[in-house]
Every structure is written in C-alpha cells, then in structure tokens.
Amino acid sequence: MNTYTNPVYQDYFADPFVWKHQGVYYAIGTGPAEAAGQVEEKSQQRVFPLLQSDDLVNWHSAGKALLRPDPTLGNNFWAPEVAYCDGTFYLYYSIGHEDKHHQLRVATSTDPLGPYEDTGEPLLDPKTCPFAIDPSPFQDDDGQWYLFYAQDFLDTDNGVRAGTALMVDRLNTMTKLEGKANVVLRARHDWQRFLADRPMYDDIYDWHTLEGPCVRKHGDRYYCFYSGGRWETESYGVDYGVADQVMGPYTDAGNEAGARVLRSVPDYVLGPGHNSIVASPDDQTEYLVYHAWDTGMQARRMCIDSLLWTPDGPRSKGPTWTPQTI
C-alpha cells in the first residue's frame, strides 16, 4: 500500500482536476500565474499547469496545457477541467479580467498533455451572462454529456442570497450548450458568505458564493459537490446537493451549520475546496482531490482524501495532514 501525506504536490496548484487515461493520472489546475493574471513574454506561451502520476500520490510537472487565446479576452484563467470523448480531449475553463467579465470557453487536443487550442467561441454569450466560471463536464450513464458551472444572481427571493450560484445545461455537442439551463443550487446560509457589502453590478450586496461543481452518480441519485464561502478564508469548504434527475431539482438541506464533506481544521488545514473525484489505482475507492491552504495562507496546494458514502450522504476522512494509506 502506498502512503501519502497532504499536500501531495508542494507547489501552488489550485482548483485541481484529476482524470485517469490509459492507466495514467493527469492533473490540471489554476497556477499562480493564471490566478494573478501574469503574462509571460514568450510569444506563444501556454497556460494551466499539468501534472502526471502513476499512483495518485507521486506527481511531477508535465508542462502547461492551453495555447493562450486572444489576449483581449483577459489574462486571468481559472478552474480548468478535461473531458475525453471519441478520441478528443476537451478542456473547459473560464477567462476574464481579474474577478470580472469571466466567460466559459472550451479548447481541444488529441493528447492529454496538449497543446489545447481554443475553439474560438464562448459557451455562453457574455452579453447575456456577464460572469460565468468553473465549468465541469459530466457524462450520464446513457452517454449524454452535461455542463455544470457557476454564474451570478442578484435576486433574494424566497430566502436565497445574492451571489454566485450553480447551473447545469445539456451539451448538444462537446462544444455547444443546448441553452436550456437549470439552477442547481443557490446560497441560503451565512457560512456561504463571500463578502458583506460587496460592490457589484453598480450596487452593494451581501455576496454569497457557491462554486466549483463536481458531479457523481451514486446508486440512482446525482450528487453535485460544490465549494461554498470565500476561497481566501477558513469558512470555505465542500458540501453537496442531491437530485433524482441530472437536471434537478437539487437540494442541499442539512448543511445549515456548515460544509459536510470538507471543512477547515484550525491550526492544521484551512479552506479546503474546489474538488474533483477520481478512482484509486485499484479502482476500489473514490478519492476527493482538492486544494487547501497551509496555516500561513501562503499557497493553495493539491491534496487527496478518500470519499466515503454513508447513510447520511457523502463524507470524507479529510482534510488530513498526517500519513495516510491508499
């Protein structure tokens, strides 16, 4: 049995998405340059760091994935995820200007390590959806693909909070949405607050955030894992909603006191969140892959911990900071 101690990769690696292809694990995430909007001087540089592993524990750098698209779209690249369909790898991501005007894009490659080239069109029209992030593709049992993502809402009807919330739409093709999106979950609780009195859209809001969707079907139900709160604080954590149909309706009732899957352990692990899910090398156990801050809040680094399916819903042994076996 392999032993690991979190973080499993020591460099900055936020929003980690891990997938396995032909027995090899690949990880893609938001690096420090992508988060900060830094531009290298090379004329054809790539963005989004890639990692590779044979065992889910020992990781090494494998370059960068995406050929930088039109610079007028922005320099901040967030939360990439990859889907494989019919011999092509599809890289979904958002691009924007700092934390404003993010749009969803998709790029393609025939190699998991790229280079990925943008298809040239946004997945959502920025004129009607001025901020969308965290695209997460999901394939149902019948082969149909869907895209979960996050976008902003300003209303506060029926107890919901203004802020970023979760959506789902059907993919007609791997690069085109059907355009009939459903709301998955809206924020309803104080622990999901991003910032009180936040200036947004020419007004001031008590802003709440649900982001980083990741969907798994377990039994005959759909579980949409998400991260809630402010990513820079210890209130940030992973919770979930559950539904009988992939398009919803979803409910996350029972999380009034805070995130139920991953949450901070003061003095040890802070702000665990933005998870993906992948099987262990023997395919017997599912693992949450997520980022977490060190206690000095110096960097978000990649961590893994086993996912537990309990009678009360999905839970985790994590976040852990001591040696674990896999």
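## Aromatic contacts and an open sheet

Phe138, Phe148, Tyr222 and Tyr250 are joined into a cluster by ring pairs. The model is predicted, so local features require pLDDT of at least 70 and side-chain atom pairs count only at pLDDT 80 or more, while totals for chains, interfaces and linings use all residues. Numbering runs from 1 along each chain as its sequence is written, and side-chain values use heavy atoms, with hydrogens and water left out.

Rings of Phe, Tyr and Trp (its six-membered ring) are taken as a pair if their centres lie within 6.5 Å; planes under 30 degrees apart count as stacked, over 60 as edge-to-face and the rest as tilted. By this rule the count comes to 18 aromatic pairs. Two of them are listed here.

| Aromatic pair | Centre to centre | Angle between planes | Class |
|---|---|---|---|
| Phe138 and Tyr222 | 6.1 Å | 85° | edge-to-face |
| Phe148 and Tyr250 | 6.3 Å | 85° | edge-to-face |

Phe148 belongs to strand E11 (residues 145–153), and Tyr250 to the loop between strand E18 (237–243) and strand E19 (270–279), so this pair ties together parts that are 102 residues apart in sequence. Strands (E, at least two residues) and helices (H or I, at least four) are DSSP runs, numbered from the N terminus. The pair of Phe138, in strand E10 (residues 132–139), and Tyr222, in strand E17 (residues 221–228), likewise links distant parts of the chain, 84 residues apart.

Burial is judged by relative accessible area: under 20% is buried, over 50% exposed and in between partly exposed (1.4 Å probe, protein chains only). Phe148 is buried at 0%, and Tyr222 is buried at 6%. Phe138 counts as buried at 9%, and Tyr250 is buried at 9%.

Charged side chains also meet rings. A charge sits over a ring if NZ of Lys or CZ of Arg is within 6 Å of the ring centre and within 35 degrees of the ring normal. Arg260 has its charged end over the ring of Tyr240, 4.1 Å from the centre, and Arg230 lies over the face of Phe194, 4.4 Å from the ring centre.

An open sheet is formed by 4 strands in the order E19-E20-E21-E22, with antiparallel pairing. E19 and strand E22 (313–316) stand at the edges with a single partner strand each, so one side of each has no neighbour in the sheet. Two strands pair if DSSP finds at least two bridges between them; strand E21 (residues 300–310) and E22 pair in the antiparallel sense over 4 bridges. Thr310 stands opposite Gly313 in E22.
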